[in-house]
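Please look over the sequence and the model below before reading on.

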Amino acid sequence: MEKIPALEHALAKIVEEKLDQMGGRKHAPFGRFVFGEDNGPRVWRLIRAGQRRSITIDETCRMAQFFGQNIAEFIAKIYAAAIEKKLIVPMENLKPEALLVDAVKRLLAEQGARPSRFYKTVFGDKGEEIWASYASGDFKRSLTYAETRDIAAFFKMKYSEFMDFANQ
């Protein structure tokens with residue numbers, strides 16, 4: 001199954017916390033209300049686990065309705081909470097390199113690749129120093145096209161596939 005993107009993951013985590021705080025209202029009634037009577041609780045469980053399809057606008061509207069809010073208020077509160085909990089990066093602070101570094105971290109974790117092999121292969125002798133700088137969020141220089149292409153090749157992806165993955 002495909003993993004859901006970071007913003008939807010943050011939405012699921014925060015809604016899950018809100019439901020847990022409510023005590024009386026549990027996940028199954030929420031799942032039925034938002035995702036449908038038949039499979040709603042199962043769909044909600046899979047979304048909370050990060051394994052399902054994307055959450056639609058209509059479903060997000062029903063989530064807001066479940067919590068007694070309008071859609072704009074609901075999304076604004078979810079976005080603010082996601083930033084506060086560091087589940088997502090504020091759009092105004094997001095740099096293209098941050099997307100690429102995040103993609104590399106996700107791929108290293110998913111594939112179980114050794115970071116030392118990665119940075120030596122892509123950046124050469126000074127790889128550890130260069131990667132440590134990027135991984136810490138200190139972007140003193142932009143990644144070059146050649147480095148980005150080499151990153152994609154390291155993960156056995158085409159450049160375009162890697163860029164699509166990074167933009168998820």
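A residue is called buried when its relative accessible area is under 20%, exposed when that area is over 50%, and partly exposed in between, using a 1.4 Å probe and protein chains only. The model is predicted, and for this reason local features need pLDDT of at least 70 and side-chain atom pairs count only at pLDDT 80 or more, whereas totals for chains, interfaces and linings use all residues. Residues are numbered from 1 along each chain as its sequence is written, and side-chain values use heavy atoms, with hydrogens and water left out.

Ile 14 lies in helix H1, and Ile 14 is buried, with a relative accessible area of 5%. Leaving aside residues up to four places away in sequence, Ile 14 touches Ile 78, Ala 81, Ala 82, Lys 85 and Leu 87, where a contact means heavy atoms within 4.5 Å. The C-alpha atom of Ile 14 is separated by 32 Å from that of Trp 131, a residue 117 places away along the chain.

Helix packing is described here with axes, which are lines fitted to C-alpha atoms (for helices, over the stretch in contact), and with angles that run from 0 to 180 degrees between N-to-C directions. Angles under 35 degrees count as roughly parallel, over 145 as roughly antiparallel, 65 to 115 as roughly perpendicular, and the rest as oblique.

Helix H1 (residues 6-22) packs against helix H3 (residues 40-48) at an angle of about 120°, with axes 9 Å apart, and the two helices are therefore oblique to each other. On the H1 side the contact is made by Ala 12, Lys 13, Val 15, Glu 16 and Leu 19, and on the H3 side by Trp 44, Ile 47 and Arg 48. These residues divide into five nonpolar, no polar and three charged, where Ala, Val, Leu, Ile, Met, Phe, Trp, Tyr, Cys and Pro count as nonpolar, Asp, Glu, Lys and Arg as charged, and the others, Gly among them, as polar.

Helix H2 (residues 27-35) packs against H3 at an angle of about 100°, with axes 7 Å apart, and H2 and H3 are therefore roughly perpendicular. Here His 27, Ala 28, Phe 30, Gly 31, Arg 32 and Phe 35 of H2 meet Gly 40, Pro 41, Val 43, Trp 44, Ile 47 and Arg 48 of H3. By class, this contact has seven nonpolar, three polar and two charged residues.

**The chain as a whole**

The secondary structure of the chain comes to 10 helices and zero strands, and the C-alpha trace spans about 60 × 30 × 25 Å along its principal axes. Of the 168 residues in the chain, 35% are buried. Among contacts between residues at least 6 apart in sequence, 60% join residues at least 24 apart.

Notes:
Helix = DSSP H or I, 4+ residues; strand = E, 2+ residues; numbered from the N terminus.
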